Amino acid sequence: MAKKIETIGVLTSGGDAPGMNAAIRAVVRKGLSHGLKVKGIQQGYKGLLNEEIIDFDARSVSDTISKGGTILYTARCSEFRTPQGQDLGAQICRKHGIDGLVVVGGDGSFAGAQQLAARGINTIGIPGTIDLDIACTDYTIGFDTAVNTAMDAIDKVRDTSTSHERCSIIEVMGRNAGYIALWCGIANGAEDILLPERYDYDEQVLINNIIQNRKRGKKHHIIINAEGIGHSTSMARRIEAATGVETRATILGHMQRGGSPTCRDRVYGSVMGAYAADLLAEGQSNRVVAFRDGKYVDLDIDEALAMQKDLPEYVVRVAKAMSL
Ligand code: ADP
Ligand code: F6P
């Protein structure tokens, strides 16, 4: 029989993502509407182990939906990767009367939630990462804001790159995944897009492309490089030496994670947050909320973590075809 839930907690973990506040707000308000008490745990699992736990009411989350970052702060916590850390986390939840916990983060954060579920704390994961690299879901909160931020920044680099008739290598985030690079590559009309899932480290291909494009009269050459490949600065030096075309590297970095969330991230955050609170109110545990094939669904965390995904091949081919 499902455990009776009275108090739920919510935390954000791993890299922050725009839209996490919408998710927190929805967990709080939907949780309260179910008659549950709601607590916020600051700084992810690190804050759980340090008992940084606050009470939430409906007003605690006023004026947060448009804010970037996470009002609960976030952290990475190596102690929580250990069985001792996980035992302590479950014990602290019990001490504070937290019988259910919503974890907003990526796969690593879900692995932590899985461990708490195994220790009797009902847990629900919500996919929150700009990287879009969670296999069980077609969408992760933060991606849309991040790609729009990166796209605007790349447009600006492109202006100066064209004025100087340069080659620009622009590195975008995404850890080992190429989703941000692929989307920006298409949206910014890049000449080359380097994706960790596809790149073969053959720089001669890039060099040949730059030389050919110059002959065709192109004034700039934009290369979007994914963080998972990296080394943009040394790549720029080698390319300039081989082509004679002035080449600059720009690493966009953490600005991609900031800013007010787009409409899409506010809505996905709100719906996924509310869905997670509903699952906890029903007594469910060890589930991840996902968006799949046009629908909000939930899956077992073990099943979700075992899934794999790849970049959509047709979109990769379109991106290549556009760079003629
Ligand atoms: P993300 O959640 O975005 O994938 P991380 O991989 O950095 O980000 O994980 C965030 C946090 O989740 C880690 O700092 C750690 O506290 C916890 N975590 C990650 N992996 C595990 C694991 N295998 N077991 C328990 N906790 C984990
Ligand atoms: O997972 C989100 C992300 O921004 C990745 O794209 C990037 O690899 C990583 O986090 C950077 O982490 P940190 O903020 O610790 O530098």
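Which residues are buried in α9? I looked this up in a predicted model, in which local features need pLDDT of at least 70, side-chain atom pairs count only at pLDDT 80 or more, and totals for chains, interfaces and linings use all residues. Residues are numbered from 1 along each chain as its sequence is written, and side-chain values use heavy atoms, with hydrogens and water left out.

**Entry 1: helix α9**

I find D265, Y268, G269, S270, M272, G273, A274, A276, A277, L279 and L280 buried in α9 (under 20% relative accessible area with a 1.4 Å probe, protein chains only). I took helices as DSSP runs of H or I with at least four residues, numbered from the N terminus. After α9 I noted G283, whose phi is positive, near 90°.

**Entry 2: ligand 1**

I checked the 15 residues around ligand 1 (a heavy atom within 4 Å); R76, C77, G106, G108 and S109 come nearest. Helix α4, residues 107-118, gives the most to this shell, with 5 residues.

I then looked up polar contacts (pairs of N or O atoms within 3.5 Å). The side chain of R76 places an N or O atom 2.9 Å from an oxygen atom of ligand 1. For backbone atoms, I recorded 3.0 Å from a polar atom of G108 to a ligand 1 oxygen and 3.5 Å from an N or O atom of D107 to an oxygen of ligand 1. The protein covers 84% of the 550 Å² of accessible area that ligand 1 has on its own (Shrake-Rupley method, 1.4 Å probe).

Technical notes. Chains lettered and ligands numbered in written order. Buried < 20%, exposed > 50% of the residue type's maximum accessible area, 1.4 Å probe, protein only. Helix = DSSP H or I, 4+ residues; strand = E, 2+ residues; numbered from the N terminus. Polar contact = N/O pair within 3.5 Å; in protein donor to acceptor, adjacent residues only side chain to side chain.
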